[in-house]
Amino acid sequence: MLTPNATHTESARQFIARGKNAIQNVESDFGADLSAALAESDESRVESYRQSLVERFGNVIIQSVGNDQSSMDELGMGTIGSGNVVIAPNILEEMASNPQKAEYYEKAIAHHFDHLPILRAEMAAMNHRITSCGVVIHPNGEVTYYVSGEETPEYKAKVAAENKAKQERKAKQQQESEEAAQEMFAKQMQMLEMGYQQKAKELASEGAIFVPFVGFAMQVDSLIAAYQAQAQNLSLY
């Protein structure tokens, strides 16, 4: 039997070691390539699914939105139109990989679009129009429908015209009331003046010394005060 010498033994070991290293390197490269391919495949699948949602529903926004009032108000002010679909990134990934999740959330999205005619009618009944509305799927999986609106231009014009007409009627009524009060004041002054002159004639015919009729001045002052109070009350309406 031949026994290999030390040199031959060492060379064999080195050969085996090099073989193991080569295999490990190949396995490592394969694993990295596989991971990269899988990651690229996931991204491609998610993007492909997102495109399918865009084709079906229109404006699909991938964004994490909190379900608190402040976040929803900010979203409402930052979007326009009635076809806004906002999906959290983590939910989009679930929908792309889980058909049951996709079906559940797609039904929730479709519900918004199916009920748009009813929503528009309800807003119109309140003399409002939609400025922004849509559906939001939050990171925790909850679904929120939102709507923001404003008064229609026609209703704004109608209210402005009614307010203008009301102010004009008020101004006209106030003017008429003041004119009536002035006319009454003038008649009462005339009657007092006539009474004053008659009293003066009676005193003169009796040969009495004429003394100014203090009562007349007091009545005039009372009439002036009453007229001023009436004018002030009219300005309050």
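1. **Ground rules.** This is a predicted model, so local features need pLDDT of at least 70 and side-chain atom pairs count only at pLDDT 80 or more, while totals for chains, interfaces and linings use all residues. Residues are numbered from 1 along each chain as its sequence is written, and side-chain values use heavy atoms, with hydrogens and water left out.

2. **Overall layout.** The protein has 7 helices and 4 strands, in the order α-β-α-β-α-α-α-β-β-α-α from the N terminus. These are DSSP runs numbered from the N terminus: H or I of at least four residues for helices, E of at least two for strands. Take contact to mean heavy atoms within 4.5 Å; among contacts between residues at least 6 apart in sequence, 65% join residues at least 24 apart.

3. **Burial and surface.** Of the 237 residues, 21% are buried. Here buried means under 20% relative accessible area, exposed means over 50%, and partly exposed is in between, using a 1.4 Å probe and protein chains only. The protein exposes about 16,800 Å², with carbon and sulfur atoms supplying 56% of that; the areas come from the Shrake-Rupley method with a 1.4 Å probe, and for residues only the protein chains shown count as cover.

4. The largest nonpolar core has 18 residues, and Y49, L53, V85, I87, I91, M95 and I109 touch the most other members. α1, β2, α3 (89-97), α4 and β3 each supply at least two of its residues. A second, separate core of 6 residues includes L75, V86, V136 and Y146. A core here is a set of buried Ala, Val, Leu, Ile, Met, Phe, Trp, Tyr and Cys residues joined through side-chain atoms within 4.5 Å. As background, nonpolar side chains tend to be buried together in soluble globular proteins.

5. **M95 up close.** What does M95 touch, not counting residues up to four places away in sequence? The list is Y49, L53, I87, K101, A102, Y105 and E106.

6. **Aromatic pairs.** There are 2 of these in the structure. F57 and F113 have ring centres 5.7 Å apart and planes at 20°, so they count as stacked. That pair links distant parts of the chain, with F57 in α1 (residues 6-57) and F113 in α4 (residues 99-114), 56 residues apart. F57 is buried at 9% relative accessible area, while F113 is partly exposed at 25%. Y104 and Y105 make an edge-to-face pair, 4.9 Å centre to centre with 75° between the planes; Y104 is exposed at 52%, whereas Y105 is buried at 4%. For the terms: rings of Phe, Tyr and Trp (its six-membered ring) pair if their centres lie within 6.5 Å, with planes under 30 degrees apart called stacked, over 60 edge-to-face and the rest tilted.

7. **Helix α2.** In α2 (residues 69-78), M72, L75 and G76 are buried. Down the axis they fall within an arc of 100°, so they line one face of the helix; the arc is that of the directions from the helix axis to the C-beta atoms. The face turned away carries the exposed residues S70, E74, M77 and G78. Cover for the buried residues of α2 includes β2, β3 and β4.

8. **Helix α5.** L116, L119 and M123 are buried in α5 (residues 116-125). They cover an arc of only 60° around the axis, which puts them on the same side of α5. P117 and A125 are exposed on the other side, and the buried residues pack against β2, α4, β3 and β4. After α5 comes N127, whose phi is positive, near 60°.

9. **H138.** This one is worth a look in the viewer. H138 lies in the loop between β3 (128-137) and β4 (143-151), yet is buried at 1% relative accessible area. A polar atom of the H138 side chain lies 2.6 Å from the backbone oxygen of V65. Leaving aside neighbours within four places in sequence, H138 contacts V65, G66, N67, M72, A88, I91, V143 and T144.

10. **G83.** G83 is in strand β2 (residues 81-87) and is partly exposed at 22% relative accessible area. Beyond four places in sequence, G83 contacts F57, N59, F113 and C133; F57 and F113 are the stacked pair of point 6.

Note on methods:
Polar contact = N/O pair within 3.5 Å; in protein donor to acceptor, adjacent residues only side chain to side chain.
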